[in-house]
Amino acid sequence: MVQRKYLFPGVIELNLQAGQSFGVNLYLIDGGTEWALIDVGLDDTLGEVIELIRKLDFPLSKCKMLIATHADADHVQALAAARDRLKAKTGAHPRAAVALEAGDTVQTFARITAQNIDMPMPPCKIDVKLTEGDEIKVGKLKLKVWHTPGHTPGQLSFRLGNLLFSGDNIYKDGCVGAIDAHHGSHLPSFISSLARIRDDDAEFLLPSHGPVFRKDPAILQNAIDRLTKYQHMADFGTCTVSWPLEEEWKRDILAGKMPEL
């Protein structure tokens with residue numbers, strides 16, 4: 001048996017436990033009599049992840065649920081294989097479930113042709129559709145489900161005591177999850193999700209990438225201010241709410257006004 005390295009009581013982060021990167025943070029929730037996994041990562045690393053869990057002396061038959069924060073391939077490509085090998089239920093938001101059950105390579109970022117990214121995305125049945133306010137009981141622990149859309153329409157976060165598993169909403173350096181139309185990103189929802197996290201009394205944020213950190217309202221507010229500007233910048237294409245320059249240009253065209261040079 002490998003000695004368990006608890007990040008917080010009842011929480012093991014498997015990258016830290018293994019001393020290697022699995023590409024995305026994988027949180028094992030230890031409820032005593034059973035356990036759950038928040039995100040499972042890629043097919044290529046699933047065997048190592050399962051072997052590590054076995055070495056930590058968690059009975060594989062006691063996996064309560066394989067939980068998807070959202071449908072991005074780096075988080076859940078291995079979900080179908082993990083469900084089959086562990087005989088465990090899967091859980092995701094209904095909007096994420098659509099992409100996961102279809103094996104949608106575009107919406108999950110498994111295929112980005114322009115960047116030569118093309119990986120398989122095996123379809124996976126989602127056994128439990130998780131929505132705002134649900135509770136996931138894992139032995140003696142309870143995860144409160146938050147729906148925090150913006151990065152993707154089906155992104156979830158999970159509250160456990162003074163901890164918030166915050167997915168791809170915000171990272172320690174103030175960056176946020178990718179904003180992309182193919183992915184279903186929605187800036188007004190993203191801003192609302194960040195404001196909710198900022199205003200909540202959770203003390204620590206456990207993101208899907210990068211280190212865990214103590215919540216800092218200033219970091220969240222800076223991200224909110226930045227995304228508020230993004231809503232009106234052409235850089236973000238169809239994710240924007242408006243583009244003031246284009247709107248002014250159309251008004252000038254209709255008024256017969258020549259550009260000021």
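This is a predicted model: local features need pLDDT of at least 70, side-chain atom pairs count only at pLDDT 80 or more; totals for chains, interfaces and linings use all residues.
Trainee: Which part of the chain does UniProt annotate as a domain?

Mentor: The UniProt record, an unreviewed entry, places the feature "domain: Metallo-beta-lactamase" at residues 23-209. In the model, the end C-alpha atoms of that span lie 8 Å apart. Its composition is 25% helix and 26% strand.

Trainee: Let us take the strands, then. Where does β2 lie, and what about its faces?

Mentor: Strand β2 covers residues 27-30, and both of its faces are covered. Tyr27 and Ile29 are buried on one side, while Leu28 and Asp30 are buried on the other.

Trainee: And how does β1 run relative to β2, parallel or antiparallel?

Mentor: Strand β1, residues 11-13, runs antiparallel to β2, and three bridges join them. Within this pairing, Val11 has Ile29 as its bridge partner in β2. Ile29 is also one of the buried residues of β2.

Trainee: How many bridges join β2 to β3?

Mentor: Four bridges join them, and the strands run antiparallel. Asp30 stands opposite Trp35 in β3. The two strands form a hairpin with four residues between them, where Gly32 takes a positive phi near 95 degrees.

Trainee: What does β3 pair with besides that? I have β4 in mind.

Mentor: β3, residues 35-38, pairs with β4 in the parallel sense over four bridges. Ala36 is opposite Met65 in β4.

Trainee: Why is β4 called largely enclosed?

Mentor: Four of its five residues are buried, so β4 is largely enclosed by the rest of the structure. The cut-off for buried is a relative accessible area under 20%.

Trainee: Which way do β4 and β5 run, parallel or antiparallel?

Mentor: They run parallel, with three bridges joining β4 to β5, residues 89-92. Ile67 has Gly91 as its bridge partner in β5.

Trainee: Let me turn to helices. How do α2 and α4 cross?

Mentor: The axes of α2 and α4, the latter being residues 79-86, come within 9 Å and cross at roughly 30 degrees. That makes the two helices roughly parallel, because angles under 35 degrees count as such. The crossing of α2 and α4 is right-handed.

Trainee: And what of α6 and α7?

Mentor: Helix α6, residues 187-199, and helix α7, residues 217-230, have axes that come within 9 Å and cross at roughly 165 degrees. α6 is therefore roughly antiparallel to α7. This crossing is left-handed.

Trainee: Which strands make up the open sheet, and in what order?

Mentor: It has six strands in the order β9-β10-β11-β12-β13-β14, with mixed pairing. The edge strands are β9 (135-138) and β14 (213-214), each of which pairs on one side only.

Trainee: What is the local pairing between β11 and β12?

Mentor: β11, residues 156-160, and β12, residues 163-167, are antiparallel and share three bridges. Phe158 has Phe165 as its bridge partner in β12.

Trainee: Now the backbone angles. What is phi at Asp57, and where does that residue lie?

Mentor: Phi of Asp57 is near 70 degrees, a positive value in a residue other than glycine. Asp57 lies in the loop between α2 (43-55) and β4 (63-67). Its relative accessible area is 47%, so Asp57 is partly exposed.

Trainee: What is the phi value for Phe109?

Mentor: Phe109 also has a positive phi, near 65 degrees, and is a residue other than glycine. Phe109 is located in the loop between α5 (94-102) and β6 (111-112). With 22% relative accessibility, Phe109 counts as partly exposed.

Trainee: How far is His209 from Gly91, in sequence and in space?

Mentor: His209 and Gly91 are 118 residues apart in sequence and 20 Å apart in space, C-alpha to C-alpha. Gly91 is the β5 residue already mentioned as the bridge partner of Ile67.

Note on methods: Residues are numbered from 1 along each chain as its sequence is written. Side-chain values use heavy atoms; hydrogens and water are left out. Buried means under 20% relative accessible area, exposed over 50%, partly exposed in between (1.4 Å probe, protein chains only). Two strands pair if DSSP finds at least two bridges between them. UniProt positions are given in the numbering used here, feature names are shortened, and annotations may be inferred rather than shown by experiment. Axes are lines fitted to C-alpha atoms, for helices over the stretch in contact, and angles run from 0 to 180 degrees between N-to-C directions. Angles under 35 degrees count as roughly parallel, over 145 as roughly antiparallel, 65 to 115 as roughly perpendicular and the rest as oblique. A crossing is left-handed if the near helix is turned anticlockwise from the far one by less than a right angle, and right-handed if clockwise.
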